[in-house]
Amino acid sequence: QVQLVESGGGLVQPGGSLRLSCAVSGNIFRLYDMNWYRQAPGKQRELVARITSSGNMDYSDSVKGRCTISRDFAKITVSLQMNSLKPEDTAVYYCNAHRQGPQPDLSYDFWGQGTQVTVSS
């Protein structure tokens, strides 16, 4: 059974830092791309950062230069270090495991329950 459990969210002042972690259970960690999404109130869920199964990393323009995604194979976790946080970073952050299937319209996705990040003074 696959489970993704996020932790590390909270309230932080503008300019501060947070480190989100996602613990992954189930035998998927080496096979799946691991992503962090976020969803702010009234907005669509957006991809924030990705680390592929081969280790390639990618970031949205909104967080590039301020965030770092990493995966720990020993702890079976994926983390998102967020620095220089802004009020517009306020959102629920979700961990996602994604794998493309053999057909273009087939993919496999698992989601965590989300963790709230609030950036406010």
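**Figure 1. Tyr37, Tyr94 and Trp111 come together in one aromatic cluster.** Rings of Phe, Tyr and Trp (its six-membered ring) pair here if their centres lie within 6.5 Å; planes under 30 degrees apart are stacked, those over 60 are edge-to-face and the rest are tilted. By this rule the model holds 4 aromatic pairs. Arg45 lies over the face of Trp111, 4.7 Å from the ring centre. A charge sits over a ring when NZ of Lys or CZ of Arg is within 6 Å of the ring centre and within 35 degrees of the ring normal. A word on what you are looking at: this is a predicted model, in which local features need pLDDT of at least 70 and side-chain atom pairs count only at pLDDT 80 or more, while totals for chains, interfaces and linings use all residues. Residues are numbered from 1 along each chain as its sequence is written, and side-chain values use heavy atoms, with hydrogens and water left out.

**Figure 2. Phe29 and Phe73 meet edge-to-face.** Phe29 belongs to the loop between strand 3 and strand 4, and Phe73 to the loop between strand 7 and strand 8, 44 residues apart. Strands are DSSP runs of E with at least two residues, numbered from the N terminus. Phe29 is buried at 5% relative accessible area, whereas Phe73 is partly exposed at 36%. Buried means under 20% relative accessible area, exposed over 50%, and partly exposed in between (1.4 Å probe, protein chains only).

**Figure 3. Tyr32 and Phe110 form a tilted aromatic pair.** Their centres are 5.9 Å apart, with 50° between the planes. Tyr32 sits in the loop between strand 3 and strand 4 and Phe110 in strand 10 (residues 107-111), so the pair ties together parts 78 residues apart in sequence. Tyr32 is buried, with a relative accessible area of 8%, while Phe110 is partly exposed, with 28%.

**Figure 4. A disulfide joins Cys22 to Cys95.** The S to S distance is 2.2 Å, and the rule asks for cysteine sulfur atoms within 2.5 Å. The torsion about the S-S bond of Cys22 and Cys95 is about -85°, so the disulfide is left-handed. Cys22 lies in strand 3 (residues 18-25) and Cys95 in strand 9 (residues 91-100), so this pair ties together parts 73 residues apart in sequence. Cys22 is buried at 0% relative accessibility, and Cys95 is buried at 0%. Cys67 is in no disulfide; the nearest cysteine sulfur, that of Cys95, is 14 Å away.

**Figure 5. The largest nonpolar core has 29 residues.** Such a core is a set of buried Ala, Val, Leu, Ile, Met, Phe, Trp, Tyr and Cys residues joined through side-chain atoms within 4.5 Å. Among the residues with the most contacts inside this core are Met34, Trp36, Ile69 and Tyr93. Elements giving two or more residues to the core include strand 4 (33-39), strand 7 (67-72) and strand 8 (77-82). Tyr93 touches, among others, Glu6, Leu20, Trp36 and Val117, not counting residues up to four places away in sequence; contact means heavy atoms within 4.5 Å.

How values were computed. Helix = DSSP H or I, 4+ residues; strand = E, 2+ residues; numbered from the N terminus.
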